[in-house]
Amino acid sequence: MDLVLYLVPLIAVIVHSKTWNQSILDDVAKNLKIQIVATDNTKEHDTYLAEISLTNKGTHVITKHGNWKIFFSSGSLIEPTHLPVERSPNPEDLVVGGQGVRVHHSKGSLFWLEPTDDFCEFPPGSSRKVKYKGQRWAVAKTDFFPDWYVVVPGLEPRLIESTVGEGLEFIGDFTKPQQWKRYNTDRYNPFTAQERYERNKLPEVADKEEIRVIPSPHHVTINKQSSTVVDRIWKIYAQRGVETEALYLREKSNIELSQTDLPKNIVRLSTGYVNISGNVLTDSEDAYTLSIDPALRVISIQGQGRSGVFYGVQTLLSLMSAGGIVYKTDVKDAPRYQYRGVLLDVGRNFRPKEDVIKLLDVMSTYKLNKLHFHLTDDEGWRLQIPGLSELTEVGSKHCHDLTETKCLLPQLGSGPTADTSGSGFYTVADYQEILRQAERRHIHVIPEVAMPSHAHAAIKAMNARYKKFRKLRRAEEAREYLLSEKGDPSRYLSTQMFDDNAMNPCMESTFRFIDYVIQEIAVIHSQAQPLTVFHFGGSDVAVGAWTKSKHCRTLRNATEVNASELKELFFRKVAKITASRHLSVAGWEDGLMHLGLTGTPFNLSGVENRRVYAHAWDNVWETGSAGRAYKLANSGYKVVMCQATHLYFDHPYEPDPLERGNYWATRYTDTKKTFTFMPENLYANIDVKRSGEAITREEACGTDGLYCPPLSDPQNIVGIQGQLWSETVRTTDHLHSMVFPRLLALAERAWHRASWEIMAHKESRDRDMESDWLSFAVAVRKRELPRLDSAGIKYRIPLPGAR
């Protein structure tokens, strides 16, 4: 049985015998040289082959004795025919044929290898190769993770030095098509230098000065025949109520404040009615006017609300050149959407508050106003909740504890200790600092606590709490916030390979926990920014969850239960809890719909929450899911467009093995693809399958357009959001390069509706789209990248092309 793994190398080698001690283990960790390479993705359907090479450059023989194991993390199942163990309970089925090792699945992405009786000793200077089979594909370096580690029972675990660091030098090169293609019909190859040149070249107009604000205002006129210089003799005069916006302008422009309104050399900030018409939110507080009069040396910004003043200031800063030159300008502007968001996932890999605050600052520069803060997931709970200390004491830390009573098991390359991006949380003070900065930047923070699935961290933390109170013989308190049923015989495996990550929706203790957490988050928010929307997640409930739960069978009076019905029950209860606290509720689309491609949204009749946001993400064209967003909107949900083919920033910029990111929805998403997304002409975005093969609207929508209903309630499309999921994002540089410059294209589509978006004639639409894109790209290159440089953003730029 050759076993090829989608190895996300988080490997721990455990060696133990009567002769082993810490110094020997340390020597092995220092001198065991490991290399891994994906050898073929095309040989078998939905599997790939990989090979691990191990070279013993130390001074000690590694034998089969000593109970040692090699732990590693993989983004997909290893030996999918046999794992998880329930598929093949015979341990001998797990032996990797002829290689003297056996493989096991621990939890999530964590696996381990151990020697069998056939394992040959491994003396100094010798090498071994282990071949594996893994589910799906491994076509990029970031499909493999760093920081494998060695553990011996009774000894301190140690990282294997050859695998440490973000350089990923231990991962072999991708030099053959079968290594970077996912199957034989895969059309994608890495771009050549000439292809990059053709894709990224700009016309000669790029060398000419073009003033374009990003995101584009609804109406703007600029007369370059009249100009002035805004220098230190200018002052800022703020009407009462917009002092914070005046302080922001002073900070960014070095113009001082004035207590009096001067006749010239003055920037006036005020609020008042903005008379604007057109296909924008005319009643939005974000609407503003901006007038620059060089002759009078007066700049006036009037916002319909404080946020409108703030966005007028951002437009002024965008118009000012490095020398402070501004031209005669008139702007009348308002957004297309009320909701303009970015999701930041800190559940998988934690990012410190400084990274979040910097992201908020740059988001506000481009008029984005929602931070969807994904604070919990299977891999971590990241927010301190007073009264439930176990959530962060246990649920925020990774370490090598197989019982998961002191911490969570390592995942996604986090290593055996709690000093990597796998561990970390925000104290109440940290979180409130983030909230205050968001409030100053007119950004609303929407916290997400993932449930009922993606809840492994919460479940383990509450199990630890239960054990603590049981020891104190306080049984009632111990059971108060339990999230799982002891001995539940239900069997399932989530997309991320957890078999214990679904809160039980049939236990009252689950909803006591949810109510308490929401209450405490609301209290935390009340000191900095009022909580108005709570996001409960709802996605990826695995098939099989709860089906044999004693609590659920009793509740439903059935021998087996319907998971779809329980999902709806869960949603309705969470909606009731949030409504009782005067909060809107939000969830991912699949947490708000019945199972299946033709599944319908849950009926909102009787739901005790008047405003339910649905974040629509699944639109992989060939799967028949293209129309889910419109189904939800037509059913009364307030839909935020999050389509994975265009708006998932965890996907690569190019179809290249050296590019970072996942690629399950589409092989790559560059900045142009995000820019060209048409949220109100959704089916016009249909282009290619995941293989790169063209797909027609008829193929994607099915017979009689079954999967693509028309949008009958366009007012229910309330916004657009870009997502940064963090499975491969471990550093600040990773965050910046994955988000920027795609965030600028997101901001353009969230604020401004381009005329070409709703054109019916494809050739005309594509022509106007290309012209708009070139103008946008020039503005990014000449005006916006220097601004990102000044903000300390290490954005991604296209690789060099040549002809």
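Guide: A residue is called buried when its relative accessible area is under 20%, exposed when over 50%, and partly exposed in between, with a 1.4 Å probe and protein chains only. The model is predicted, so local features need pLDDT of at least 70 and side-chain atom pairs pLDDT 80 or more, while totals for chains, interfaces and linings use all residues. Residues are numbered from 1 along each chain as its sequence is written, and side-chain values use heavy atoms, without hydrogens and water.

Visitor: Why is Cys642 called buried?

Guide: The relative accessible area of Cys642 is 0%, which places Cys642 under the 20% limit, and therefore Cys642 is buried.

Visitor: What makes the disulfide of Cys701 and Cys708 left-handed or right-handed?

Guide: The torsion about the S-S bond is about -85°, so the link of Cys701 and Cys708 is left-handed. The link of Cys399 and Cys407, with -75°, is likewise left-handed, whereas that of Cys506 and Cys552, with 100°, is right-handed.

Visitor: Which parts does the pair Cys506 and Cys552 tie together?

Guide: Cys506 lies in the loop between α10 (475-479) and α11 (508-526), and Cys552 in helix α12 (residues 550-556), so the pair ties together parts that are 46 residues apart in sequence. Helices here are DSSP runs (H or I, at least four residues), and strands are E runs of at least two.

Visitor: Why are Cys506 and Cys552 called buried?

Guide: Cys506 has a relative accessible area of 11% and Cys552 one of 0%.

Visitor: Why is His444 called buried?

Guide: The relative accessible area of His444 is 12%, so His444 is buried. His444 lies in strand β22 (residues 444-451). Setting aside neighbours within four places in sequence, the contacts of His444 (heavy atoms within 4.5 Å) include Asn369, Leu371, Gln529 and Val533.

Notes:
Disulfide = S-S within 2.5 Å.
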